[in-house]
Amino acid sequence: MVTRGFTGRQSGSEPSHRIPPGQHLVDNFPVLTAGPTPRIEPADWTFTLKVGPRPVKEWSWSEFNSLPRTKMTRDIHCVTSWSKFNTAWEGVAVDDILADAGLSAPTPFALAHCYDGYSTNVPLADLAMGKAMVALKYEGQPLPRDHGGPARLLVPHLYFWKSAKWVNGLQFTERDEAGFWELRGYHMYGDPWNEQRYTND
Amino acid sequence: MTEAIVATARWQSCAIVEVATRTPAIKSFFLRLSEPFDYTAGQHVDVRLTAPNGYNVMRSYSIASAPSDSKVIELAIERLSDGEVSPFFHDVAQAGDTIELRGPLGGHFLWPRPANKPVLLIGAGSGVAPLMAMIRHRKASGEPVPVALLLSSRTWGDVLFRDELLGLERSLPDFALALALTREPAMRRTDFSRRIDCRMVADVAGRLPSFPGCALVCGSNAFADIAADAALALGLEAGAIKTERYGA
Ligand SMILES: Cc1cc2nc3c(=O)[nH]c(=O)nc-3n(C[C@H](O)[C@H](O)[C@H](O)COP(=O)(O)OP(=O)(O)OC[C@H]3O[C@@H](n4cnc5c(N)ncnc54)[C@H](O)[C@@H]3O)c2cc1C
């Protein structure tokens, strides 16, 4: 349906094939958080890998920081409709976390857990093979607190709520279990190219 | 509580039935739903605008009206002069136009159910919109829940829903209103002439008959951080503090 009188910005020198349907480009980096911004000191930070209820390995901040580092520059897409090009991240690939714990392909699904009680589900296939990391730096700097510092999950090819802020663990599950937002109406998978915003999209 | 929200929110075309100028920068748009839905105060809709060549954009707007008048919903939209969608609403959209939207959306920033403890609401600018839905719901439902609203605006003239809020302060039992004006001295003894801070939040929470069960904060990210931290300092658990951040 055409909206009377609307033409929009459409300034489009940027190639539009990089913008998924319903998204628009921003230069800033909006913050959307459901509660207070947690304060987590690196000295208190830990990261736990679980398979089902069973903890497999826990890392301290310094242990985690000594794992192999990965850099990624990616376009990101928020379900609230903004997209941002060429965001540069550095962290530890999920593959390297699994390798350090001596696991290869634990179960087909995972839940990322966070300090603020938030969780989100992502299939293993979207975490492994270099697709996702636990990010420790953004644009060469330690990750700012309001963007999830000290560490956030980064799954750049899915809507950005899947890139959970203040992450403190990954739990592998047999079934695809809904996380916090997925229980509150957001899509189980969240592919921006198929506009999987809400539950039945 | 979340089941209702999981229902498919389909796109629907809605007629603008009225446009009301609320403040120099904020207008309310009253939209008649072609497929009425039930919602909880605090939820929002996504609005989609489409150009003749198919280019379209989407933005979220909180529902400011109470769920009880849910055939017509009110959206209060602030004009950002360099924005894409809000200037369209202010400068182009008129009564009689049709707008596509879907909702209700958002399963987190909600009026508490059951509402059995006092509620502290903290908003800035157009961020009072979902809080207004809560206050209007509280009035319409007659729920005997004490509510305090701390609302930050630049000037007296920028206070969204000012006259309605002043009226409710007089007529609605257990409703306390405090305005924080950031660019103008306050005119009422119970208001503030500064930006929000911990002391102010504690003062307003103290106007409730007992300690609040939750705080709901809505505004810019910077504002929401200050308000949420002040609510933490007050002694509320992080899980009892909900924020709705209007992006940047
Ligand atoms: C859940 C939710 C509820 C909301 N409810 C309301 C509400 O009730 N009322 C309300 O008024 N708003 C609300 N908002 C905000 C609303 O969705 C829009 O973000 C707002 O109206 C601005 O949209 P716009 O198209 O006018 O501006 P945009 O074009 O999105 O621009 C927003 C700001 O970003 C800047 N900007 C624009 N383009 C760029 C660019 N390319 N790079 C960098 N910066 C840029 C502009 O300076 C502008 O100030 C809500 C947001 C959310 C997430």
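A residue counts as buried when its relative accessible area is under 20%. The views below show a predicted model.

**View 1. The ring of F29(A) and its partner W82(A).**
F29(A) has a relative accessible area of 15%, so this residue is buried. W82(A) is buried too, with a relative accessible area of 6%. Their rings form an edge-to-face aromatic pair, with 5.8 Å from centre to centre and 70° between the planes. F29(A) sits in the loop between β1 (24-25) and β2 (46-51) of chain A, while W82(A) belongs to strand β5 (residues 82-93) of chain A, so the pair ties together parts that are 53 residues apart in sequence.

**View 2. The ring of F29(A) and its partner Y138(A).**
F29(A) also pairs with Y138(A): the ring centres are 5.2 Å apart and the planes stand at 65°, so this pair is edge-to-face. An angle over 60 degrees is what places a pair in that class. Y138(A) is part of strand β8 (residues 133-138) of chain A and F29(A) is in the loop between β1 and β2 of chain A, so the pair ties together parts that are 109 residues apart in sequence. F29(A) and Y138(A) are both buried.

**View 3. A cluster of rings in the model.**
Ring pairs join Y118(A), Y159(A), W161(A), F180(A), W181(A), Y186(A) and Y198(A) into a cluster. Over all chains, the count of aromatic pairs comes to 25.

**View 4. Arginines over ring faces.**
R18(A) lies over the face of F85(A), and the distance to the ring centre is 4.1 Å. In chain B, R136(B) lies over the face of F161(B), at 4.7 Å from the ring centre.

**View 5. The ligand and its surroundings.**
The ligand lies between chains A and B. It is surrounded by 26 residues, and the closest are S60(B), Y61(B), D82(B), V85(B) and S86(B). A polar backbone atom of V85(B) is 2.7 Å from an oxygen atom of the ligand. For E78(B), a backbone N or O atom lies 2.9 Å from an oxygen atom of the ligand. Y246(B) places a polar side-chain atom 3.1 Å from a nitrogen atom of the ligand.

**View 6. Confidence in chain B.**
Chain B has a mean pLDDT of 94, and 96% of its residues reach 70 or more. Over residues 1-6 of chain B the pLDDT is below 50, and this stretch has 14 contacts in the model beyond near neighbours in sequence. Where pLDDT is low, predicted coordinates should not be read in detail. The model scores ipTM 0.89 and pTM 0.94.

Key. Residues numbered from 1 in each chain as written. Chains lettered and ligands numbered in written order. Predicted model: local features only at pLDDT ≥ 70, side-chain atom pairs only at ≥ 80, totals over all residues. Heavy atoms only, no water. Phe/Tyr/Trp six-rings, centres within 6.5 Å; stacked < 30°, edge-to-face > 60°. Helix = DSSP H or I, 4+ residues; strand = E, 2+ residues; numbered from the N terminus. Buried < 20%, exposed > 50% of the residue type's maximum accessible area, 1.4 Å probe, protein only. Lys NZ or Arg CZ within 6 Å of the ring centre and 35° of its normal. pLDDT = per-residue confidence, 0-100. Contact = heavy atoms within 4.5 Å. Near = heavy atom within 4 Å. Polar contact = N/O pair within 3.5 Å; in protein donor to acceptor, adjacent residues only side chain to side chain.
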